[in-house]
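Please take the sequence and the structure together, and let the text below lead you from the meeting of the chains to the details of single loops.

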Amino acid sequence: MNIVVLVKQVPDTWADRSLRADGRVDRDAVAPVTDEITERAVETALQLKELHGGSVTVLTMGPARAVDALRKGLAMGADAAIHVSDESLAGSDALQTSAALAAALRTVEVDLVIAGTESTDGRTGAIPAMLAERLALPQLTFLSSVTVSDGVVSGIRSVENGTLEVRAGLPAVISITEQAPEPRFPNFKGIMAAKKKPMTVLTVADLGLEVGEVGGDASWSRVANVTPRPARAAGTVITDDGTAGAQLADFLAGAQLI
Amino acid sequence: MGQILVLAEHTQGTLDRVTGELLAAAALLGEPAAVVVGLPGAADALLEQLAESGAHRVYVAETADAEALLVTPAVLALDAAVTAARATGEVTAVLVNASIAGRETAARLSVRLTAGLINDAVGVELIDGVVVATMQALGGAYIVQSTAVELAVVTVRPHAISGQAPAASAERVDITIDTAALPAAAITAVHAEVVARDRPDLTAASVVVSGGRGLGSRENFSLVEELADVFGAAVGASRAAVEADYCAHHMQVGQTGVTVAPQLYIALGISGAIQHRAGMQSAKTIVVINKDAGAPLFEVADFGIVGDLFTVVPQLIEAVRARQNA
């Protein structure tokens, strides 16, 4: 079974992230990390490979430094990496990003595409569904568990008001939730081996896309304006002298909250 | 005036509340129309409700596969409805609930129509004939307004839109979809959440009480629930509390969890890493109780108490109950 995992480099959610005036996340202000959900997707792929054989390829679209996310996937145990990298892709919206990723997926033989449910920066959760649409593959998304047997992928889809059991024949696109297994730590051997594994770089021209189709200037959705939320005024902080609970009740009553 | 198509959500013959919200949003942008996907005969019970909620037309796609296939029936129905609606005039936007399935439906539709996707809008308006959607980004730290080139496919956050569209005629237009035309996952079983939901939904609650690592254990976390019940509040948690398994994952408030904006947010034993703050800083009033005076969350508190939550909270519960009973 040939598995391709989508990985993404994002600004660290433990740091203070900011938006630029054009609505893009300021990727220079905060140290980039591999989005944890995509590491869980790699882990899921590696466990499926251990059970069923085949290969695991990690795929990302991003600037030159996004190669770190691919190297981490290779160090964890993936066999090969594809880096969609082209300056003209900057500012692409989900529609354009999914077109580029779908084109990259068409360059390899793939039985199962695994993604995280949604990235911690964009949070649209659109890409896995868009890829299923573009590649005409069944979509099994928001899976808290996944199994593959006899060419059929099945799992538990975890949604707001309960769970669904879903299944489809391969090939398919799946996305996994934070309930997926914890990612393994790359060991020294894995990190050394990663350096020798194949890394393919694909440009917009390699993907057969037109430069005018991708990037922020040609995007189908546009940010009109960005306003930071105003800073909060400082409030009252007291140290409990034995009556703090009662004082808080007074405060809440004064604010008509009780 | 352009037509605005809304994907109707319904359960056992009754419109879900969010459908009324979507039609109210649609009325701000143009002429609202609804798209119903359901089992054969499902639309009959919905037409009157859709008329009251302001749908001028109701595009009906009935198929035996409506509940057996994941996401694709709604995608095909919206696509067919846009085609049908364009025969009678311009379509300027499609509005879908920003649920998991709704966001995926919208994503696929935007590919089919090559239309810009705007996600999780908390407001919509028409400015110079252009649909402008307002969103919160990075956990509410920014307000972003976006537009789409030509047709906009917009997912709208539930509970974000108030008001009601004026009642309309809900003229029925049947459309046909071929569910076999699109590869799809089969839904083989549905398990509705069995937990009794006597607390409000986290994203919609006017009061949220959250607990963090300071609670110390899963048993102690019940203090958070006890305080929440005094206020009729929803229960939230920090990522640290979720990772320590004090409570369920879906209760996590923060950058990697739910974003909330209640009238009152009470944080118990939460230090307030950026991770958490980003998910609750748009609350109107913030109360913080923590024994560590250096906890960063005090920086955003309207009222903060440095103290032991296991003595402060029981006293608070007693004081609030006394006022409620007075």
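Two residues are said to be in contact if their C-beta atoms, placed from the backbone, lie within 7 Å. In this model, which is predicted, 65 residues of chain A are in contact with 71 residues of chain B. On the side of chain A that touches chain B, at least two residues each are supplied by several elements, including helix 3 (94-105), strand 9 (162-169), strand 12 (221-228) and helix 6 (244-254) of chain A. Strand 12 of chain A gives the most to this side, namely eight residues, and the residues of the side as a whole divide into 33 nonpolar, 19 polar and 13 charged. The two chains are also linked by strand pairing, for strand 9 of chain A and strand 13 (residues 186-192) of chain B run antiparallel and are joined by six bridges; in one of these pairings, A:Gly162 has B:Ala192 as its bridge partner.

Turning to chain A by itself, its secondary structure comes to six helices and 13 strands, and its C-alpha trace spans about 65 × 40 × 40 Å along the principal axes. Of its 258 residues, 48% count as buried. Among the contacts in chain A between residues at least 6 apart in sequence, 69% join residues that are at least 24 apart.

B:Leu78 leads on to helix 3 (residues 72-86) of chain B, whose buried residues include B:Leu78 itself. Leaving aside neighbours within four places in sequence, B:Leu78 is in contact with B:Leu5, B:Leu7, B:Val35, B:Val94, B:Thr105 and B:Leu109.

Helix 5 (residues 222-231) of chain B has B:Leu223, B:Val224, B:Leu227, B:Ala228 and B:Phe231 buried. These residues lie on the same side of helix 5 of chain B because they cover an arc of only 140° around the axis. An α-helix has 3.6 residues a turn, so residues three or four places apart point the same way. What covers the buried residues of helix 5 of chain B includes strand 14 (207-211), strand 15 (234-237), strand 16 (264-268) and helix 8 (309-325) of chain B. Just after helix 5 of chain B, B:Gly232 takes a positive phi of about 60°.

Which residues other than glycine have a positive phi? One of them is B:Gln12, with phi near 45°, in the loop between strand 2 (10-11) and strand 3 (14-15) of chain B. B:Gln12 counts as exposed because it has 6 C-beta neighbours inside 10 Å. Another is B:Asp245, with phi near 65°, in the loop between helix 6 (239-243) and strand 16 of chain B; B:Asp245 is exposed, with 11 other C-beta atoms within 10 Å.

Terms used: Residues numbered from 1 in each chain as written. Chains lettered and ligands numbered in written order. Predicted model: local features only at pLDDT ≥ 70, side-chain atom pairs only at ≥ 80, totals over all residues. Helix = DSSP H or I, 4+ residues; strand = E, 2+ residues; numbered from the N terminus. Buried ≥ 20, exposed ≤ 12 C-beta atoms within 10 Å, placed from the backbone. Nonpolar A, V, L, I, M, F, W, Y, C, P; charged D, E, K, R; others polar. Pairing = 2+ DSSP bridges. Arc of directions from axis to C-beta.
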